[in-house]
Amino acid sequence: MNILIVYSHPSKKSYTFQVLEQLKQAIKKQNWDLEISDLYASSFQSDMSEEEYEREGFAKLNLPIPKDVLAEHQKIKKSDCIIFLYPVWWSDCPAKLKGWFDRVYSVGYAYGQTDNFPKMKTIPFGLVICTAGHPNSFLSEIGMSQSMEKIMIEDRLGKRFENKEMLILGGTLELEKVMADHLLQIEKAVEKIKIYLA
Ligand SMILES: Cc1cc2nc3c(=O)[nH]c(=O)nc-3n(C[C@H](O)[C@H](O)[C@H](O)COP(=O)(O)O)c2cc1C
């Protein structure tokens with residue numbers, strides 16, 4: 001089983017980094033192969049260049065796909081499950097991860113009707129895990145959980161993933177109150193990978 005974590009947080013002192021460590025341990029216990037795209041540590045380029053925009057905006061498939069994007073395509077090709085892990089910033093993922101979608105989901109590969117072009121494979125399971133300062137009850141009350149799920153699950157993961165789930169680990173402003181429950185939820189999420197990929 002090959003798991004890819006697309007991780008987006010700049011600091012090792014963060015709670016999101018602790019969640020990454022917990023996930024790594026839980027995945028290690030299962031003896032699965034794990035690869036991590038650590039977008040900040042690798043200084044992943046999140047801005048689209050003018051040439052990339054030409055390619056994307058006008059479906060000019062003859063223009064080259066940058067090497068760093070092709071490297072992400074190779075990781076995706078190997079994956080049975082992709083986990084996106086990030087903190088909620090202004091009701092969305094950090095710009096770094098948004099830039100990953102902008103650039104890695106290139107036209108002809110992740111969307112667009114094209115013949116004879118290498119297509120993104122359908123990934124068996126996609127799991128979105130985000131940490132959030134507000135409690136889940138508040139995010140749900142103001143309709144924000146629903147909006148975030150709609151964008152991440154329905155649009156960004158979309159039909160590219162056979163099964164998909166989103167876990168919002170909310171309430172981090174009062175961390176000591178939520179940490180134990182979060183850990184349980186992370187362990188349950190890893191169990192779900194087992195079920196979906198059995
Ligand atoms: C720039 C910024 C924007 C944030 N926006 C939100 C937000 O819109 N909703 C929310 O619930 N929490 C928000 N937070 C709180 C983070 O989600 C929270 O700090 C994070 O999930 C857990 O902390 P960590 O940075 O230690 O991993 C924001 C934090 C920062 C730094």
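**Rings, a patch and cysteines**

Reply: Happy to! Let's start with a cluster: Phe84, Trp100, Phe101, Tyr105 and Phe161 are linked by ring pairs. Keep in mind that this is a predicted model.

Me: How is a pair of aromatic rings described?

Reply: A pair of aromatic rings is described by the distance of the centres and the angle of the planes. Here the count of aromatic pairs is eight. One of them joins phenylalanine 101 and tyrosine 105, an edge-to-face pair with 5.2 Å centre to centre and 80° between the planes.

Me: Are phenylalanine 101 and tyrosine 105 buried or exposed?

Reply: Both phenylalanine 101 and tyrosine 105 are buried.

Me: Why is the pair of phenylalanine 125 and tyrosine 196 tilted?

Reply: Planes under 30 degrees apart count as stacked and over 60 as edge-to-face, with the rest tilted. The planes of phenylalanine 125 and tyrosine 196 stand at 35°, so this pair is tilted; the ring centres are 4.5 Å apart.

Me: Where in the chain do these two residues sit?

Reply: Phenylalanine 125 belongs to strand β4 (residues 123-131) and tyrosine 196 to helix α7 (residues 175-197).

Me: Which residue lies over the face of tyrosine 40?

Reply: That is lysine 96, at 5.4 Å from the ring centre of tyrosine 40.

Me: Now the surface. Which residues make the nonpolar patch?

Reply: Met48, Tyr53 and Phe58 make a nonpolar surface patch of about 300 Å². Methionine 48 is placed in the loop between β2 (33-38) and α2 (50-57). The relative accessibility of methionine 48 is 32%, so this residue counts as partly exposed.

Me: Last topic: how many disulfides are there?

Reply: The count is zero. A disulfide needs two cysteine sulfur atoms within 2.5 Å. For cysteine 81, the closest cysteine sulfur is in cysteine 130, 16 Å away, so the two are too far for a bond.

Conventions:
Residues numbered from 1 in each chain as written. Predicted model: local features only at pLDDT ≥ 70, side-chain atom pairs only at ≥ 80, totals over all residues. Heavy atoms only, no water. Phe/Tyr/Trp six-rings, centres within 6.5 Å; stacked < 30°, edge-to-face > 60°. Buried < 20%, exposed > 50% of the residue type's maximum accessible area, 1.4 Å probe, protein only. Helix = DSSP H or I, 4+ residues; strand = E, 2+ residues; numbered from the N terminus. Lys NZ or Arg CZ within 6 Å of the ring centre and 35° of its normal. Patch = residues over 30% accessible without salt bridge, like charges linked within 9 Å, V, L, I, M, F, W, Y side chains within 5 Å. Areas by Shrake-Rupley, 256 points an atom, 1.4 Å probe, with all protein chains shown as cover. Salt bridge = Lys/Arg side-chain N within 4 Å of Asp/Glu carboxyl O.
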